[in-house]
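Have a go at every task before you read on.

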Amino acid sequence: MSRKPLEGIRVIDLCVVWAGPFATMLLADLGAEVIKPENPHVWQPMTRGAMARPPQAYLMLAPAWGGGYPNNVPGERPWNYCPTFVSLYRNKKSFTVDLRTPEGKDVLRRLVAISDVVYENNATGTLEKLGITYDWLREANERIIFVRVPAYGSSGPYAEARALGIHLEAVMGHTLLRGYEDADPSSNTAIYSGDYLAGAQGAFAVMAALWHREKTGEGQLIEIAQAENAAAMFTQAIMEYTMNGRLLTPIGNRDIFGRYPCNVYPAKSPGTAETCDDRWVAISVENDEQWQGLVEAMGNPEWARDPRFATNEGRAAHAAEIDARIAEFTRERDDYELMHLLQAHGVPAAPVLEASRMFDDPHLRARNFFRTQTVEGAGTHEYVGPLWQFPETPVEFYQPPVTLGEHNEYVYKQLLGFSDEEYARFEALGHIARDFDPSIP
Amino acid sequence: MVQALDDVVVLDLTQHIAGPYATKLLADFGADVIKIEPPWGDPARRLGPFLGDDPHPEKSGTFFYLNCNKRSVVLDLRTEAGREALASIAARAHLVVESFKPGTIEKLGIGWDFFQRVNPRAPMVSVSNFGQTGPYRDYLASELVIYGFAGEMYSMGETDREPVKMFGTAALFESGSAIAAACMGALWAAKRFGIAQRVDVSLAETHFGGVDRRHATAIAYQYSKRKTLRAASRSSGMPGGIYPCADGYVDFTNASIRYDRVLEMLGYPEWATDPKYTDPATRLNPQIVEEWNVHFLEWCLQRTKREIWEEARRAKVLCGPLFTMEDLVNDDHFRGRGFWTTVEHPVMGKVTIPGRPFIMPKGGWQLRRPAPLLGQHTEEVLRECNLPEAIIAEVVTAAQKGGVP
């Protein structure tokens with residue numbers, strides 16, 4: 001394996017759900033050793049799935065990204081197969097320990113002593129109940145960098161509020177800002193853009209704090225209030241209010257900077273939305289030159305040569321009419337053909353891609369974007385690749401999505417120096433497992 | 001005050017939104033980010049909202065937010081003097097970040113070879129729509145095109161309508177966040193191992209691999225051949241999705257996973273404690289869910305969004321009121337935490353923007369200067385680089401001539 005920017009940096013992943021695990025995955029991709037302590041007696045909801053042993057009926061009720069288990073069965077060890085989990089746990093290690101016991105907590109303390117970073121995004125109060133605080137960590141390791149990602153911060157009236165990404169995005173204004181312009185906000189779909197932003201920035205924060213520590217020797221406690229972090233995405237709406245006192249409302253797929261046309265248009269579809277076989281093409285024209293390119297691509301139809309449409313003001317005034325005309329042009333054409341045709345005329349355009357189709361995309365294939373990984377009990381599949389390409393320190397998927405307790409021997413014996421006898425004792429005490437306790441549903 | 005990255009000089013050749021958001025994060029934590037602008041300015045200067053709706057290049061809110069803490073140097077890179085000035089800045093930089101269309105910097109004679117020659121220690125992060133290689137290398141994109149193609153937009157909206165994207169340019173901010181992480185990775189590889197490499201960031205790939213559902217919709221298909229249906233967040237579950245209330249809306253997505261807490265929130269009314277709502281055998285029956293929701297809707301409509309959220313917080317129920325920007329900016333929680341920041345700008349006056357992206361007590365976020373005026377620091381920076389006065393004069397003259405792209 002080649003050099004990695006963060007090799008030799010050890011990160012303890014006390015994360016749940018999405019925002020935290022995304023941050024530690026990016027650190028792992030850059031070479032950090034990320035270790036996840038897991039309690040085989042306690043289920044963390046929505047991390048290794050909604051349930052440890054989901055009934056078959058549940059899988060089909062959940063959206064595909066939550067319930068799309070291998071071959072649509074829970075399988076022998078369902079906690080290793082949830083699509084959202086496996087997407088976030090490549091390049092990481094897992095060991096099991098019951099942190100509610102004094103000897104289990106001491107295992108964590110010993111691991112903290114030889115680590116650089118502890119990262120967590122649990123509901124407020126969860127770690128405190130276990131006695132895991134910044135002071136406790138610092139006692140074990142003065143130089144530790146501790147990152148916490150509370151939804152609304154550790155102070156203020158909302159400190160205790162429970163939230164997933166979708167709830168804090170509602171509070172930060174996103175749900176009232178996005179969606180169709182002619183429908184109420186309940187026509188929106190639950191999304192998690194705040195998890196993305198805070199996750200990637202958590203990786204940035206760790207690397208900045210390590211940079212600081214390199215110079216000063218100081219560790220520290222970083223607080224990413226996920227709601228505050230998300231605000232950047234809504235900058236234009238925030239500043240429209242703070243500068244001009246105006247409240248923005250949803251504009252569907254139109255351009256926030258008022259350039260026309262900009263929308264998604266129907267393309268030739270092999271089926272309907274009910275089977276996810278409807279197809280759409282996104283087209284966005286940002287200047288008059290691109291408009292002329294679009295007109296040419298459509299074969300210079302008479303309606304498009306209307307001089308009123310030559311300027312953005314004219315196109316804005318007749319946006320609905322232009323959209324309807326463009327839709328007539330796109331409706332019977334293939335979405336990929338439309339992309340190539342329009343791009344050849346200098347017009348930004350691409351299919352609105354249903355996820356399964358990315359595996360057939362020639363561009364992603366040419367860039368070797370996908371990585372094949374094998375998860376024990378789930379089989380061999382192609383997974384999406386890394387977020388960036390580093391030529392000299394390449395992001396390699398050397399460890400497939402980690403199964404529960406896969407690195408028990410490594411962590412206990414190799415890292416913490418347990419003897420075979422001690423290891424056996426911890427096994428007998430119920431710390432060491434590859435399965436969740438049978439009592440957990 | 002000391003900042004984490006105050007020993008880092010960044011030569012910033014990015015424009016628009018994604019790249020500048022990444023370099024803004026570097027600048028916010030102390031890096032000296034030298035923003036190179038063409039004589040006509042970063043195109044983000046022409047993006048709204050504008051103060052007082054005046055489309056002036058020094059009054060763009062979008063540009064302002066993305067470029068605080070940076071210095072602006074105007075160079076006409078088509079001229080020899082411009083490239084010489086660029087080389088003198090690059091020689092002092094620890095990192096170069098650029099977002100030109102692939103092939104552009106090579107055509108200008110300032111490609112990777114150029115930077116390697118003037119500063120072999122500095123890595124470069126190149127940001128583009130689809131990456132520096134592959135059949136779509138030269139394809140154009142916008143936020144809609146990137147997110148539609150690579151993000152999970154397909155499954156957003158109503159089944160019988162078109163897919164609908166996120167707000168504004170949110171997807172480009174997500175990419176910017178991923179680019180900031182790439183910048184730090186490149187800096188660390190250079191610092192620890194002396195590896196100066198050209199990192200290739202495709203905006204599309206930052207979404208194909210991103211955590212907001214797309215990473216999982218892809219593997220879900222590989223595992224189960226199931227696809228992700230486009231469906232709205234209407235009320236479903238007990239409770240789940242978005243509900244109207246007395247003065248707006250509240251989001252209870254996934255709240256039903258703790259029905260015990262939901263009962264606590266509602267105060268254990270008789271209707272809600274009916275065994276058909278608690279029995280796992282009947283709880284998932286759509287008719288029973290619908291019946292439950294009639295009661296719950298009534299409860300919501302009698303209360304304001306803030307009253308409902310207060311009850312939900314007390315009972316630890318997943319919930320978020322749908323705030324407007326007026327609700328948000330004036331909210332006591334965020335004000336009390338000192339989240340908003342007001343900055344004085346020579347043209348715009350006092351401007352209020354979102355403050356720190358996260359709290360890092362040692363070496364953390366600071367607002368040191370407002371967004372720069374176009375070319376405000378050209379002479380200052382070039383003198384720091386010890387460029388001969390004659391060349392500085394030539395650069396400034398070329399910049400003042402302005403010109404068009």
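This is a predicted model: local features need pLDDT of at least 70, side-chain atom pairs count only at pLDDT 80 or more; totals for chains, interfaces and linings use all residues.

**Exercise 1: domains of chain A**

*Solution.* Residues are numbered from 1 along each chain as its sequence is written, while chains are lettered from A and ligands numbered from 1 in the order in which they are written.
- Step 1: find the domains, whose bounds come from an automatic or database domain assignment. Domain 1 of chain A takes in 10–224 + 366–428, and domain 2 takes in 262–357.

**Exercise 2: the open sheet**

In what order do the six strands of the open sheet in chain A run?

*Solution.* 
- Step 1: list the elements. Chain A has 19 helices and 11 strands; helices (H or I, at least four residues) and strands (E, at least two) are DSSP runs, numbered from the N terminus.
- Step 2: follow the pairing, which requires that DSSP finds at least two bridges between two strands. The order in chain A is β3-β2-β1-β4-β5-β6, with parallel pairing.
- Step 3: look at the edges. β3 (92–96) and β6 (220–223) of chain A each have a single partner strand, so one side of each has no neighbour in the sheet.
- Step 4: follow the twist, which averages 20° from one strand to the next. Angles run from 0 to 180 degrees between N-to-C directions, and axes are lines fitted to C-alpha atoms, for helices over the stretch in contact.
- Step 5: zoom in on one pair. Strand β2 (residues 33–38) of chain A is joined to β3(A) by five bridges, and A:Glu38 has A:Thr96 as its bridge partner in β3(A).
- Step 6: Helix α10 (residues 193–216) of chain A touches β4 (117–120), β5 (145–148) and β6, making about 155° with the direction of β5(A). Helix α18 (residues 408–415) of chain A touches β2 and β3, at about 80° to β3(A). Touching here is contact: C-beta atoms, placed from the backbone, within 7 Å.

**Exercise 3: a hairpin**

Which residue takes a positive phi in the hairpin of β10(A) and β11(A)?

*Solution.* 
- Step 1: find the strands. β10 (residues 371–375) and β11 (residues 379–383) of chain A run antiparallel and are joined by five bridges.
- Step 2: check a pair: A:Tyr383 in β11(A) stands opposite A:Arg371.
- Step 3: go to the turn. Three residues lie between the strands, and A:Gly377 has the positive phi, near 90°.

**Exercise 4: buried or exposed?**

Is A:Asn287 buried or exposed?

*Solution.* 
- Step 1: locate A:Asn287 in the loop between β8 (279–284) and α13 (288–297) of chain A.
- Step 2: apply the cut-offs: with other C-beta atoms (placed from the backbone) counted within 10 Å of a residue's own, 20 or more means buried, 12 or fewer exposed, and in between partly exposed.
- Step 3: A:Asn287 has 11 such atoms within 10 Å, so this residue is exposed.

Note on methods:
Two residues are in contact if their C-beta atoms, placed from the backbone, lie within 7 Å.
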